[in-house]
Structure formats: structure tokens, C-alpha cells
Amino acid sequence: MAVAIVALLFLTLAGALTIPFAFESPSMWYKFGMEKVSLRTGKILGLTAGLLILLQLPLAGRLKFLDRIFSLPGLIRQHRMHAWAIVILALVHPLCVLLPEGKLIVPLEMRYWPEWIGVGLLVVILSQFVVSQWRQSMGIAFHTWMWFHRIAGLLIASLLIVHVLYVSETFTDQGPPRLAVFIAAGIFLMFWLWIRSSWPRVRYKPYVVTRIQSTGADCTCVELTPSQQPPFAYIPGQFAYVSFRSASVSKEPHAFTLSSTPSRPDGLQFTIRASGDWTHTVGDLSIGDRAFIQGPFGRFSHLYTDPDRELIMIAGGIGITPMLSMLRFMADHGDPRPVTLIWRNRSKENVVFADEMADLAAKLTGLRMIPIFTRNAEGGSGPADWIAIRWILCSVIAVAARRSFYAAHHR
Ligand SMILES: Cc1cc2nc3c(=O)[nH]c(=O)nc-3n(C[C@H](O)[C@H](O)[C@H](O)COP(=O)(O)OP(=O)(O)OC[C@H]3O[C@@H](n4cnc5c(N)ncnc54)[C@H](O)[C@@H]3O)c2cc1C
């Protein structure tokens, strides 16, 4: 399926790139040599940037069917990488198109309005890119940035479609290129409507906070039970976006791993470390507060690995939550496979579910835990971090050596 989707994308791109060859605009008829090459290259770059821009909505839109194939974190990584490509293409495109015309600045005349739309588009793309890359240094909160990011994304797509439809005779005349733009805009609109309706759909399935418990330093474990609907279907290691309706916690959705296991379907559990303004308020939730969950997402699960192979899990602090879910699941299923868990925490006080982890180590015969603490006895960090890094490296090398030994002797 993944291959089919990627192939379809490349075919669409190839189809789009034939347009500057098969449907030359009159401006191209009177250009020769390098000027023609430059103009055509500019159009190719512009069309590639345009397709990439429209692709960002399904990439970052938290679509479940794409998550199952590619995994949402992988799609978000692609989205971040595409941003660089879009910026470079969008900067080079006007240079290639304008240089053969002998100008570098669009004249301030009414007839050039589609070009000015293009200038506006470039400004919004660059602002979107700069703010996204340097949001934290600019002191912009994630949820404020996300709100503007979505509006700017929609503005970029709208400006792009108007720009393409009116900037060149290739697209202003009725014909296959214009039709292709309308089809692309229609598909984009369908994705947008589907994504926009995802939270209203989620609201039909409310959850209720049934337990709030402190675990480890700065950590709150929140348990949720479905109101009326059947249990939430997920696999260990997956995450979801959670939004609470509470007097003390704002309702913006945040991503958290389900630290519970689907083998105990009575409720869902999220283990949340206070790391910023929103997570610091989670401890103020009350029993009976409502919650909505969008997901599950992700393919980070032992269920996607070969059941006969040893697992090596490396976790830092609260990053243990997916492993906790997997270990609980494995313990409930009496999974005997060898597991090495390297878990780094600042100090013993930071360890979440310390007693349960000890129980899991007793139940799972194949589990070997390597705890690492980066704070030294006096509470300072310093050399202890280096000790931890050396420990992690030595452990990974030891486990890898053991795996290759087993692989060689069990062939
Ligand atoms: C897939 C995934 C699984 C996670 N699982 C856990 C977990 O099990 N336990 C846990 O304690 N933390 C988990 N986190 C981290 C958690 O999402 C952030 O710590 C939390 O959203 C921080 O919010 P804040 O406003 O308190 O902090 P801030 O200081 O405002 O934000 C810190 C960082 O968190 C991210 N973030 C902030 N708001 C959001 C948001 N609305 N949506 C998505 N990301 C946001 C941004 O990268 C931001 O830079 C997970 C994150 C991801 C992506």
C-alpha cells in the first residue's frame, strides 16, 4: 500500500511536470535558448512547490489511514523536511521565471495582480517557515503557533490556487491544465473538510476522568473510562491526542502515549510529566471531568516486530510510557521473549510506577532492566551524565554483541 501511494504521488508529479512541455504558454513561444530553459525550469519548480504545498495537509492532518501505513511521527518528519524543499523551490521559481523577462521586480500595475498574489504567497510561505523553525526562540507558545500555522497553511493553499489559475495562459484557457488545478483544489478541500470534522466526530465519544494519581516526581497518572461507547481500540505503544473539559485545564489537545494496555480494557491511562504550562495543570483535574481522545496513532509497538527476536528498549524519563504499555501487555500474555530495558532517569524519585516495574521484572522472565541515574549522590549532574552515556553505549554494544552471538548460533 505504501509503495502504491508513493508511486501515485510520483505519477501525479510526473503528470504535472509535463504541463510546461505539453501546454506551452505564449510567453514561452517567443523565448529561445537559455531564456526558454530558465522559464520552463521556473515553471517546473513552481509546479513542484505547488504540489508539495497541497500535500502538506494530508501529511500533517493526523489521518488515521495514512498513520496505519506510514506512522504519524514519520509523516510529521516528512512535513518538516518538505518545508525546506518548498522554501527553496518557492525562492528559485520567481528568479527563473522573471530573469528571462529581464526583470527582478514585478511591476506595480493592475494587470500583474496574479504575480502580486505570487509575491504575497512567497511572503506567507517564508513567514510560516521562519516562525515554525524559530518558534521557541521567539517565545511563541505551541498552541498559539499551531492556530496560526493552520490558518497560514490554508491561506497559502488558497493563494497558490488563485496564483496558478491566473498567472499563465496555460491555466487561464479552458483545458486539461486548468481542469487538473480544479481537481487538485477539490481533493485538497475534501481532505480539509474531513480533517476539520475530526474533533466534532471525536466529541460523540466522550470519556470521564475516573482516577488521578501522582507517580514519580512531577508526574500525574490520569485514568479515563468511556461514557457510553465500547472500549477504545489500540495496541500497546500507541499514542493519542487528549483534550479535557475541566475548570482547571485548558481544552487544547496534547499528544500522550497510552501507558495502559489493551489487555486490560476497563480504562485508559495517560502518564503525564509536568514539563510546560499545560502539563503543569494536569494535576488539577477533577474526577468526573470529561475528556476527548483522537487516535490512536503510531506504529511504535513490539507487535510490529518479529516475535522470535529479542527486544531492546531504550527510554529516557517519561519516555518509558510506550514501553510500560508494551511490558504490561507482554506480562498479561506471558510473553517469554528476551527484553533488555535501558531506562535513564535523573534520580530514583523520578521513576514512575517503581513498584509495578519491579513486579513486571519478576513476572517477565525474559526482562533485564538496566536503570541509569544521571544525578549523582549530591543531587548534581555533571560527570554523572557522562557515566550514563557511557553506560548506555556499553549496554547497547553488549546487547548487540549478544544478539549477533545468538543469531550466529541459532541459524
Ligand atoms: C507522540 C508523543 C507522545 C508523547 N507521550 C507523552 C507521555 O506519555 N507523557 C508525557 O508526559 N509527555 C508525552 N509527550 C510530550 C507531551 O505531548 C508534551 O510534553 C506536552 O504536550 C507539553 O505541553 P506543555 O504545554 O505543558 O509544554 P510546552 O512547554 O508548552 O511545550 C513543550 C513542547 O511540547 C510540545 N507540545 C506542546 N503543546 C503541544 C500540543 N498541543 N500538541 C502536541 N505537542 C505539543 C511542543 O513540541 C512543545 O515545544 C508526548 C509527545 C508526543 C509527540
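Predicted model: local features only at pLDDT ≥ 70, side-chain atom pairs only at ≥ 80, totals over all residues.

Two spots get the attention here: the shell of 20 residues around the ligand, and an open sheet of 3 strands.

**Around the ligand**
- Start with the residues that come nearest to the ligand: out of the 20 around it, these are Phe142, Gly276, Trp278, Thr279 and Thr321.
- Three elements each supply two or more residues to this shell, namely helix H7 (142-167), strand S4 (254-257) and strand S5 (268-273).
- Strand S4 is the top contributor, giving 4 residues to the shell.
- Sorted by class, the shell holds 9 nonpolar residues, 8 polar ones and 3 charged ones.
- Both domain 1 (2-196) and domain 2 (205-297) give residues to the shell, so the ligand lies between the two.

**The three-stranded sheet**
- Read across this open sheet and you get the order S7-S8-S9, with parallel pairing.
- The edges belong to strand S7 (311-316) and strand S9 (367-373). Each of these has a single partner strand, so one side of each has no neighbour in the sheet.
- Going from one strand to the next, the twist averages 10°.
- As a general point, strands in a sheet pair through backbone hydrogen bonds, and they can do so parallel or antiparallel.

**Zooming in on one strand pair**
- S7 and strand S8 (residues 339-345) run parallel and are joined by 6 bridges.

Terms used:
Residues numbered from 1 in each chain as written. Near = placed C-beta within 6 Å. Nonpolar A, V, L, I, M, F, W, Y, C, P; charged D, E, K, R; others polar. Domains from an automatic or database assignment. Pairing = 2+ DSSP bridges. Axes fitted to C-alpha atoms, helices over the stretch in contact; angles between N-to-C directions.
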